[in-house]
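Welcome, and please have your viewer open and your selection tool ready.

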Amino acid sequence: MTTGGEVTVPDLMLSLKSMRLKAKMTQEVFAKRLAVSRQAVSKWENGQSYPDISMLPKIAALFEISVDELLNYRSDNLRHTQYEELYKCDGYYWGSKIRSIAREVLGLMPPTRKVNVLEIGCGEGQAAIFFARNGYLVDAFDIAEAGLRKGRAAAQSIGVPVNFFCANLLTYQPDRKYDIIYSSGTLQYIPPSERADVMRTIQDATKIGGLNVLDTFVEKSFIRIAPDWEQGKEFFWKSAELFSYYAADWKYELIKENYFDCNSGGVHHRHCMNALIARKVV
Ligand SMILES: C[S@@+](CC[C@H](N)C(=O)[O-])C[C@H]1O[C@@H](n2cnc3c(N)ncnc32)[C@H](O)[C@@H]1O
């Protein structure tokens with residue numbers, strides 16, 4: 001797993017290609033706008049060379065992001081996401097409806113004994129509180145303090161214990177094993193080059209017989225990118241990619257590809273998600 005503060009060339013190359021594709025620019029157009037050759041762009045994207053440092057502000061400006069974002073920079077102070085501001089709204093930015101994948105957990109592993117849950121990217125805390133209200137022991141983290149504050153206040157007001165804490169999912173190493181690891185709408189913040197490491201961490205931190213309950217946004221050519229998608233920080237998964245991490249030693253309890261409407265950012269759009277519930281068998 002990557003430690004904080006480093007920028008790797010593969011990360012940069014990956015960002016460049018994926019951002020160019022998301023901006024629907026060909027290599028030719030991209031090269032022309034930077035006044036370089038198409039071959040130079042191709043070499044950057046293939047990792048054979050990388051742009052001169054003087055090009056970075058121009059490239060960042062082209063994608064309307066900062067140079068830090070272009071470099072996928074992470075500091076030990078954790079990465080800032082737009083949710084630090086968005087969660088300051090009144091009420092819940094994501095609404096208060098509990099996702100169906102969270103409800104599935106009640107049937108698959110009811111808390112008839114002590115069942116501990118780790119939620120990754122808990123946002124404003126609705127799912128964590130839902131689990132705690134139903135009798136699970138819940139640790140839940142997010143990178144956005146504003147969401148954690150909301151979660152803590154809501155949990156306190158109804159008197160349910162939830163251990164909310166701030167952590168970066170790219171570097172966090174659980175210090176115990178969990179019966180259930182749950183994450184909804186967050187795994188797209190893992191750059192593809194770091195997915196194998198993060199998925200291994202999640203799986204290693206799951207008890208035998210435990211569940212991974214996960215969903216993530218999937219790229220479809222026929223679905224437009226949401227207005228509040230954080231370019232350069234969020235990375236679509238490929239269809240079925242999530243399932244591929246669970247092919248051997250895990251039993252699928254649910255695998256699903258679903259489509260839904262969304263109005264976040266104030267503009268109607270659609271999403272495609274892959275959802276998975278897998279049980280650790282060995
Ligand atoms: C789309 S929201 C989903 C929130 C919540 N799971 C839900 O279903 O409402 C994505 C969440 O991931 C969090 N996030 C983004 N990058 C993160 C990181 N590196 N570590 C931990 N949380 C992160 C964001 O702050 C945000 O709360």
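Start by selecting Asp142: an N or O atom in its side chain sits 2.6 Å from an oxygen atom of the ligand. That makes a polar contact, meaning a pair of N or O atoms within 3.5 Å. The protein buries 97% of the 590 Å² that the ligand exposes when taken alone, with areas from the Shrake-Rupley method and a 1.4 Å probe.

Before moving on, a note on the model: it is predicted, with local features needing pLDDT of at least 70, side-chain atom pairs counting only at pLDDT 80 or more, and totals for chains, interfaces and linings using all residues. Residues are numbered from 1 along each chain as its sequence is written, and side-chain values use heavy atoms, leaving out hydrogens and water.

Next, pick Ser184, where a polar backbone atom lies 2.8 Å from a nitrogen atom of the ligand. Then try Thr81: an N or O atom of its side chain is 3.5 Å from a ligand oxygen.

Now show the whole shell. How many residues surround the ligand? There are 18, and the closest are Tyr87, Gly121, Asp142, Asn168 and Ser184; a residue counts if one of its heavy atoms lies within 4 Å. The shell divides into 8 nonpolar, 7 polar and 3 charged residues, with Gly placed among the polar ones and Tyr among the nonpolar.

Finally, jump to Ala35, in the loop between helix H2 (27-34) and helix H3 (38-46). Its phi is near 55°, a positive value in a residue other than glycine. Ala35 counts as exposed, at 69% relative accessibility; the cut-off for exposed is over 50% (1.4 Å probe, protein chains only).

Notes
Polar contact = N/O pair within 3.5 Å; in protein donor to acceptor, adjacent residues only side chain to side chain. Helix = DSSP H or I, 4+ residues; strand = E, 2+ residues; numbered from the N terminus. Buried < 20%, exposed > 50% of the residue type's maximum accessible area, 1.4 Å probe, protein only.
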